[in-house]
Amino acid sequence: MHALRSVAASVAARLDLSYDELEDLRLLVDEACGRLLADGTAETLTLRMALAGEDVAIEVGTEGPPGAWPPTGPAYELSARILSTLAREVRFEVVEGRRVVRMLVRPRRVGR
């Protein structure tokens, strides 16, 4: 999880984002990882980040049985609220048998 936060920070720095935007990306990745790890079945996490027009597309995922995904309950609702506050779009999905959290962020200064 710490490695993924560092990768997100590195990508944000290369995009010349502000310190606050960099910290927001790290928090998004951290919160998504926490939600994916909450049930204790995940062994690996993956992070994908890419420019998508003016947005930064972020996908955090894990293998394992999809089970009850997207999750429900108060912990999920809190995570969803935190993620929605920091990202333009947040989706909890099952993609090719993997649980993923997809987020779109529109920084103020992408690529400057």
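The questions and answers below go from the whole chain to single residues.

User: What kind of model is this, and how many helices and strands does the chain have?
Analyst: This is a predicted model. Along the sequence, the elements follow the pattern α-α-β-β-α-β-β. The count for the chain is 3 helices and 4 strands.

User: What radius of gyration does the chain have, against that of a compact globule?
Analyst: The C-alpha trace spans about 40 × 25 × 25 Å along its principal axes. A compact globule with 112 residues would have a radius of gyration near 13 Å. The value for the chain agrees with this, at 13 Å.

User: Which share of the contacts between residues at least 6 apart in sequence joins residues at least 24 apart?
Analyst: A contact here means heavy atoms within 4.5 Å. Among contacts between residues at least 6 apart in sequence, the share that joins residues at least 24 apart is 62%.

User: How much of the accessible surface of the chain belongs to carbon and sulfur atoms?
Analyst: Of the 112 residues, 38% count as buried. The accessible surface of the chain comes to about 6,300 Å². The part that belongs to carbon and sulfur atoms is 51%.

User: How far apart are the mean positions of the positive and negative charges?
Analyst: The chain has 15 positive and 17 negative charges. Their mean positions are apart by 3 Å.

User: What span should helix 2 have, and what is the distance between its end C-alpha atoms?
Analyst: Helix 2 covers residues 19–37, which is 19 residues. At 1.5 Å a residue, helix 2 should span 27 Å. The distance between its end C-alpha atoms agrees, at 27 Å.

User: Is leucine 83 buried or exposed, and which residues does it touch?
Analyst: Leucine 83 lies in helix 3. Its relative accessible area is 0%, so leucine 83 is buried. Leucine 83 and valine 29 are 54 residues apart in sequence, yet 9.1 Å apart in space from C-alpha to C-alpha. Not counting residues up to four places away in sequence, leucine 83 touches Leu28, Glu31, Ala32, Val90, Phe92, Val101 and Met103.

User: How far is valine 94 from glycine 53 in space?
Analyst: Valine 94 is in strand 3, and counts as partly exposed at 41% relative accessibility. Valine 94 and glycine 53 are 41 residues apart in sequence. From C-alpha to C-alpha, their distance in space is 24 Å.

User: Where is aspartate 16, and what is its phi?
Analyst: Aspartate 16 is found in the loop between helix 1 and helix 2. Its relative accessible area is 36%, so aspartate 16 is partly exposed. The residue is not a glycine, but its phi is positive, near 60°.

User: What is the phi of glutamate 96, and is this residue buried or exposed?
Analyst: Glutamate 96 sits in the loop between strand 3 and strand 4. Although glutamate 96 is not a glycine, its phi is positive, about 50°. With a relative accessible area of 77%, glutamate 96 is exposed.

Notes
Residues are numbered from 1 along each chain as its sequence is written. This is a predicted model: local features need pLDDT of at least 70, side-chain atom pairs count only at pLDDT 80 or more; totals for chains, interfaces and linings use all residues. Side-chain values use heavy atoms; hydrogens and water are left out. Helices (H or I, at least four residues) and strands (E, at least two) are DSSP runs, numbered from the N terminus. The radius of gyration is taken over C-alpha atoms; the globule rule is 2.2 Å times the number of residues to the power 0.38. Buried means under 20% relative accessible area, exposed over 50%, partly exposed in between (1.4 Å probe, protein chains only). Accessible areas come from the Shrake-Rupley method with a 1.4 Å probe; for residues, only the protein chains shown count as cover. Lys and Arg count as positive and Asp and Glu as negative; His and the chain ends are not counted. The place of a charge is taken as NZ of Lys, CZ of Arg, CG of Asp or CD of Glu. The expected span of a helix is 1.5 Å times one less than its number of residues.
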